[in-house]
Amino acid sequence: MKCIIDTDPGADDVLALIMALNAAQMDILALTTVEGNATLAHTTANALRLLEYMGRTDIPVYAGSSEPLVGEFHHAYEVHGDEGLTVRLPDTDMPPANGDAVDFIIETALETPGEVTLFALGPLTNVARALMKEERLKDALRRVYIMGGTGDSGGNVTPYAEFNIYDDPHAANAVFGSGAPVTLLGLNISHQTSIARDDEVWFTGDAPGERLAARIVENWFELGQAEQRFSMHDPVTIMAALRPDLIRTRAATLSVETEGERVGEITADYDSGGSVDVAVGVESEEALSFMRGLLRG
Ligand code: BDR
Ligand code: CA
């Protein structure tokens with residue numbers, strides 16, 4: 001599976017990236033970064049440092065958008081820690097790749113039509129800009145796996161909205177309305193695949209990726225004293241791509257509220273079908289155990 005992972009690391013982003021790096025089936029062509037959980041400088045630095053830590057400096061990192069399509073990004077340092085990550089990874093000399101994330105996504109997908117799978121783990125700004133800039137992209141992408149939306153759960157920024165959609169609702173509308181084949185995984189799925197605060201036996205291995213994941217989760221609970229569970233938000237996209245048998249989806253046409261109190265709220269029309277496969281169910285135990293296995297390497 002040829003993949004590009006668009007990301008704003010981000011504690012749970014890093015868990016998803018470790019899983020992807022450990023997945024033999026995944027050929028990661030590049031990471032592309034977007035502002036979201038933290039500034040673009042922070043998310044790009046975290047992506048580069050992670051690749052250095054995992055010994056994968058062969059994978060390029062293309063920096064992308066530092067502004068949403070409209071307005072300004074809201075960050076989540078209070079959740080993800082200083083510099084956007086609850087663990088400060090060692091510095092790296094690895095520079096970002098020359099070129100823009102949006103152009104990289106377009107050019108790479110068009111080179112091998114139908115082969116590139118795109119993962120979107122942050123606000124959808126880069127993905128939307130790519131789809132708006134190149135009309136052929138929607139047919140060239142094999143599939144886009146997106147962490148976003150609430151499903152039938154409440155929101156995590158407001159009662160109505162999930163962070164990635166809330167941060168750039170115009171981009172979300174552009175992606176959902178583009179006709180690109182999307183699988184959408186929301187809080188309804190990630191809340192069902194979560195690690196409990198008192199679960200001390202979850203991380204027991206000593207591979208570097210698993211050790212880092214353990215420290216990230218431990219420090220995340222330290223930062224959020226009221227939190228009792230760490231939801232595997234971004235990791236569920238990797239799980240869904242590799243084990244589609246573990247989720248249930250329904251095709252829908254989606255629209256996103258862009259203004260007012262309910263900004264970021266998604267409305268789904270399931271009656272007319274559509275290009276977005278919304279995840280509506282997950283085999284929680286099996287999905288968690290699959291993700292745990294991938295973190296182990
Ligand atoms: C999403 O928001 C971000 O804070 C996480 O990294 C995840 O992508 C969850 O709502
Ligand atoms: Ca993220």
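**Charges over rings.** I began with Arg292, which lies over the face of Trp202, at 5.3 Å from the ring centre. The charged end of Arg250 likewise sits over a ring, that of Tyr270, 4.2 Å from the centre. The rule I used: NZ of Lys or CZ of Arg must be within 6 Å of the ring centre and within 35 degrees of the ring normal.

**Ground rules.** A reminder to myself that this is a predicted model, in which local features need pLDDT of at least 70 and side-chain atom pairs count only at pLDDT 80 or more, while totals for chains, interfaces and linings use all residues. Residues are numbered from 1 along each chain as its sequence is written, chains are lettered from A and ligands numbered from 1 in the order in which they are written, and side-chain values use heavy atoms, with hydrogens and water left out.

**Aromatic pairs.** How many aromatic pairs does the structure hold? I found 5. Rings of Phe, Tyr and Trp (its six-membered ring) pair if their centres lie within 6.5 Å; planes under 30 degrees apart count as stacked, over 60 as edge-to-face and the rest as tilted.

Tyr62 and Phe104 make a stacked pair, with 4.3 Å from centre to centre and 20° between the planes. Tyr62 belongs to strand S3 (residues 61-63) and Phe104 to helix H4 (residues 101-111), so this pair ties together parts that are 42 residues apart in sequence. For such labels, helices (H or I, at least four residues) and strands (E, at least two) are DSSP runs, numbered from the N terminus. Both Tyr62 and Phe104 are buried. On that scale, buried means under 20% relative accessible area, exposed over 50%, and partly exposed in between (1.4 Å probe, protein chains only).

Next I checked Trp220 and Phe230: their ring centres are 5.0 Å apart and their planes at 85°, so I logged the pair as edge-to-face. Trp220 is in helix H10 (residues 208-223) and Phe230 in strand S8 (residues 229-231), 10 residues apart. Trp220 counts as buried at 10% relative accessibility, and Phe230 is buried at 2%. Ring pairs also bring in Phe221, linking Trp220, Phe221 and Phe230 into a cluster.

**Calcium ion.** Which protein donors does the calcium ion (ligand 2) have? I listed Asp8 (OD), Asp13 (OD), Asp13 (OD), Leu121 (O) and Asp234 (OD), lying 2.2 to 2.6 Å from the ion. Donors are N, O and S atoms within 2.8 Å of the metal (3.2 Å for Na, K and Ca); water is not among the atoms, so sites may look incomplete. Along the chain, the donors follow the spacing D-x4-D-x107-L-x112-D. Asp13 is in helix H1 (residues 11-22) and Asp234 in the loop between S8 and helix H11 (235-242), 221 residues apart. Asp13 counts as buried at 0% relative accessibility, as does Asp234 at 2%.

**Largest pocket.** I then turned to the largest pocket, which holds about 550 Å³ of space. It is lined by 30 residues, and Val79, His80, Asn156, Trp220 and His233 lie nearest its centre. H1, helix H3 (77-80), helix H7 (163-167), H10 and S8 each supply at least two residues of that lining. By class, the lining has 12 nonpolar, 10 polar and 8 charged residues.

My terms for this entry follow. On a 1 Å grid over the protein atoms alone, a pocket is an open set of points where a 1.4 Å probe fits, with protein on both sides within 12 Å along at least five of seven lines; lining residues have an atom within 4 Å of a point. Grid points are joined across faces, edges and corners, and the volume is the space filled by probe spheres set on them. Ala, Val, Leu, Ile, Met, Phe, Trp, Tyr, Cys and Pro count as nonpolar, Asp, Glu, Lys and Arg as charged, and the others, Gly among them, as polar.

A cis peptide bond joins Pro9 and Gly10, with omega about -15°. Gly10 lies in the loop between strand S1 (2-7) and H1. I also noted Glu83, a residue other than glycine with a positive phi, near 60°. Glu83 is in the loop between H3 and H4 and counts as partly exposed at 26% relative accessibility.
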